[in-house]
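These are my notebook entries on a structure I had not looked at before. I went through it topic by topic and wrote down what I found.

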Number of protein chains: 2
Amino acid sequence: MPGPTECAPYQELKNLLREAATLGSVGALVSWDQETYMPSAAGAHRSEQAALLSGLVHERKTSPRVGDLLAECESEPALRESEGAAANIREMRRDYDRAVRVPTELVSELARVGSLAQDVWKEARGKSDFAMFAPWLDRVMGLTRRKAEFLMATMPPGAELYDALLDEYEPGMTAAQIQATFTPLKVQLSGLVQAVAGSGHTVDVSVTKVQVPAARQHQLGTLVLGAMGFDLRAGRLDTTAHPFCSGIAPGDTRLTTRYTERGGFLEPLYGTMHEGGHGLYEQNLPKGDEFGLPSSEAVSLGIHESQSRMWENFVGRSRAFWQWALPKAKELFSPALDTCTLDQIHTAANQVSPSYIRVEADEATYNLHIMMRFELERAMIAGNLATGDLPGHWNDRFKQSFGLEVPDARRGCLQDVHWSFGLIGYFPTYTLGNLYAAQMWEKINADLPGLDDQMSRGDFSGLRSWLVENVHRHGRRYRAADLCRRITGRSLESGPLVRHLQGKVKATYGV
Amino acid sequence: MPGPTECAPYQELKNLLREAATLGSVGALVSWDQETYMPSAAGAHRSEQAALLSGLVHERKTSPRVGDLLAECESEPALRESEGAAANIREMRRDYDRAVRVPTELVSELARVGSLAQDVWKEARGKSDFAMFAPWLDRVMGLTRRKAEFLMATMPPGAELYDALLDEYEPGMTAAQIQATFTPLKVQLSGLVQAVAGSGHTVDVSVTKVQVPAARQHQLGTLVLGAMGFDLRAGRLDTTAHPFCSGIAPGDTRLTTRYTERGGFLEPLYGTMHEGGHGLYEQNLPKGDEFGLPSSEAVSLGIHESQSRMWENFVGRSRAFWQWALPKAKELFSPALDTCTLDQIHTAANQVSPSYIRVEADEATYNLHIMMRFELERAMIAGNLATGDLPGHWNDRFKQSFGLEVPDARRGCLQDVHWSFGLIGYFPTYTLGNLYAAQMWEKINADLPGLDDQMSRGDFSGLRSWLVENVHRHGRRYRAADLCRRITGRSLESGPLVRHLQGKVKATYGV
């Protein structure tokens, strides 16, 4: 007997969305290539390719036929009774209602300008020249604000413009909710950072300065990815200026990291594990027959980030991880780590120390970076902060939060790629990810009592299975808040992250 | 005063074709990625991407709107009087009339099956297992024959199926014309090869066995490409199993070569120069405002190949080239070539010796490889040779032409990628390229009396300018036969190539 999803309108809808997703996967490849191997002179035409593809995907997602089929599916009782199909229809409705509000021309223009602005950003960042980037930031912000204005029609009463953007990355979340979570967290994190500074305790971080050839670092990264369960026959690891993960297509998940000349091997390794965490999620989403349906997609960026942060921080900075990984690193990097002890590397990996660059920040101060960006971008979208005034505001806030003077724009407001693309509302999902990860981690440790022991032997299969079972395989069946409650029995809260960081600081700094 | 091409139908047509070409450029990138960096598990979805993109490009090129606009342009007297516009309209008409004959479904299916078959071919070639590839070859041949049947409606009376395919790559050329050129050429080349074999003269080819790390070879290749004038800011050089050049998009021309473990550095260098010759043509086609118009495209594959073969053989195997390049190679490869003399390397680069692999063949026997493939594929398309019987026929012909027993399919009928893609009618253009190159080379030497002297100093600017001026900048303004007459004052003939090879054999073998 055919199941309810065998009915004609559902099948046709599925085929249409699969085609849109296939075009989207081409766009993702084009974008990956721009970051990795594209010759510099190709930038102008690349923006035409990006604009054309974005427009074609948008046209397909918003075609009247999709709307008609969706309505047919919604009126089909058998589909409503199938939990999987009902969740897909609920999420397709959401996507459709949002997409149809935004004109295709605006989508194409954002892709075109974003592609060009990104190349300008790269150059401006290299030269630490904010004035060069400023007019492009202004254009991107203007276009993004227009997009938000169109999307406001889908938002509940009382929503602000920023919410309409945030909703793209973290469905259902609002700026006010984030502010309510961030405000007390900021107080606790600042207290923690001050306690560390006041402890008089300094940490031996000499191991973080050990220089290792990039090829050897790549070997270690590949070995760790393999142990994590990332399938390199269905993925890659390349190097870029800004590490990222792109779940391009079924069987094609690509990670990047960067190997620094001066910065030692820890930061690149954590970059690799971070992107590897994203990559595991992408590889375990059900992208076979369901590719293009919401059930093959990630819940939200916050949940996505919980996966990357978990592998980077909760696994990668643990003593158990280094029990397994240090001998591997010693062998590959010989003789560079010959005298390094487990204590030394574990302590160095857990130092807390304010620094300029977000992606190089320690686990505690990282969230202060995010809070600052959230407040600044929210103000820019609301029209309370002119893009030209950004560097001054950035530097003032940075001084307040970190007690440091920003020396140049490269280490200040030009450090991140996001705004050049028009990714506004994206930053807070990083800290949401840390919160989700900490809350899940407590449950994981309750569910898997032997986890530490397994990790110390390089066996991550229990953890990976738990993540596949509880998070990855569901796609978008549950919204982030529901998934969190379903897994942990509680709503998202800051207690677990604060407890985790306090424990870490206690162990490392004795305060 | 606006020129004739400012008129509305011409502009709209130009915009439509630019969009089709932009989508085509995305398809080219997707295809380049499949050869270079794609993870193996991505193959199945990649074939969906390729099929979708091919179908979209075909739909755009064959849309009724294009037909209407073309008819409007044809009835516009001012456009007919502009030589550039008239040539574009003539070529657009040709492209449109051919394209509309082939159903979009068949175009997509060929792209899909070709993409899958190519992955099977790679594996089958690695295992030297023809039986594994056979069913896919059969599918590709069947689809290609169907395409040829549709295209027959555009062909003059008396044409054979093969002509309809050949016409795609070498417009206006027929199998009968090729056979008429190849038959006497084969006699002369076979005579030359026999004379060499009978001369009793052996050549010191020890330098061709010198092993050099791939990274150093890459440095030499990059240096030579730079001297040739290939712009690496608008291109790349990567490594693949099968070297190729893809003029992906404006500002984006990508070359590949392969560095062999055992085979020395000469073959990879000639691979690089060969693809560099293609690349220079692509980089100098007028792809700015005219991208998508025939004026931005290459005349034919034969003319394209004349560019690659000229740099590989007429430049790269010359004594003058090595006067400049040997000291560079000695420095980069030190101490591997310390004792190598100019005579040694020049002689080794010009040996004539039958071998199994086409892309590794010497300048003289190369054409015998091509003739064999031409005859076999022509027979397969005509239905006179079943795909299952290919290995036997291949091996028999090879024995006849080269006097060698083919040891396995990897060194026999599985060596080339072309048939897996459905590229039938493509092979003869390689020998046409050699013929065009030789005929142009005589004219170039008459026009540029100081060329040898310039080349011995690493100055290729005079040659490059000549090629840009006489070939590259014209795009498809002249058909290949007209371009040949325009440049050399004569129709294509085999005399120059035969004279060139005779001179080479005389110098190297004294016969």
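Entry 1, between the chains. I looked up the salt bridges between chain B and chain A and found a count of six. The model is a predicted one, so I treat each value as computed from it. One of the six pairs Arg254(A) with Asp33(B), and their closest N and O atoms are 2.8 Å apart. I then looked for polar contacts across the two chains, and 18 residue pairs qualify, both residues being at pLDDT 80 or more. On the chain B side, α1 (8-36), α2 (43-61), β1 (235-239) and β3 (252-257) each supply at least two residues to the side that touches chain A. The largest share comes from α1(B), with 10 residues. Sorted by class, this side of chain B has 17 nonpolar, seven polar and 10 charged residues.

I also noted the extent of the contact. Chain B gives 34 residues to it and chain A gives 34 residues. The area buried between the two chains is about 2,700 Å², and carbon and sulfur atoms give 63% of that.

I looked up Asp33(A) and found its side chain in a salt bridge with that of Arg254(B), at 2.8 Å from N to O. The pair crosses between chains, running from helix α1 (residues 8-36) of chain A to strand β3 of chain B.

Over all chains the count comes to 92 salt bridges. I picked Arg477(A), which forms a salt bridge with Glu83(A), the closest N and O atoms being 3.4 Å apart. Arg477(A) sits in the loop between α20 (461-470) and α21 (480-488) of chain A and Glu83(A) in helix α5 of chain A, so the pair ties together parts that are 394 residues apart in sequence. Arg477(A) is partly exposed at 29% relative accessible area, and Glu83(A) is partly exposed at 48%.

Arg476(B) is in the loop between α20 (461-470) and α21 (480-488), and Asp95(B) is in helix α5 (residues 83-99), 381 residues apart. Arg476(B) is buried, with a relative accessible area of 9%, whereas Asp95(B) is partly exposed at 29%.

I found Arg94(A) in helix α5 (residues 83-99) of chain A. Its relative accessible area is 13%, so Arg94(A) is buried. What does Arg94(A) touch, leaving aside its neighbours within four places in sequence? It is in contact with Asp167(A), Glu168(A), Pro171(A), Arg476(A) and Arg479(A). Arg94(A) also belongs to a network of salt bridges, whose members include Arg90(A), Glu91(A), Asp95(A), Arg98(A) and Glu297(A). Asp167(A), Glu168(A), Arg476(A) and Arg479(A) are among the members as well.

After α22(A) comes Gly510(A), with a positive phi near 70°.

Most residues other than glycine have a negative phi, and most peptide bonds are trans, so I looked for departures. The bond from Ser334(A) to Pro335(A) is cis, with omega near 5°, and Pro335(A) lies in the loop between α13 (319-333) and α14 of chain A. In chain B, a cis peptide bond joins Ser334(B) and Pro335(B), with omega about 5°. Ser128(A) has a positive phi near 55° and lies in the loop between α6 (104-127) and α7 (130-151) of chain A. Its relative accessible area is 23%, so Ser128(A) is partly exposed. For Ser128(B), phi is near 55°.

Technical notes: Residues numbered from 1 in each chain as written. Chains lettered and ligands numbered in written order. Heavy atoms only, no water. Contact = heavy atoms within 4.5 Å. Buried area = accessible area lost by both parts, 1.4 Å probe. Salt bridge = Lys/Arg side-chain N within 4 Å of Asp/Glu carboxyl O. Polar contact = N/O pair within 3.5 Å; in protein donor to acceptor, adjacent residues only side chain to side chain. Helix = DSSP H or I, 4+ residues; strand = E, 2+ residues; numbered from the N terminus. Nonpolar A, V, L, I, M, F, W, Y, C, P; charged D, E, K, R; others polar. Buried < 20%, exposed > 50% of the residue type's maximum accessible area, 1.4 Å probe, protein only.
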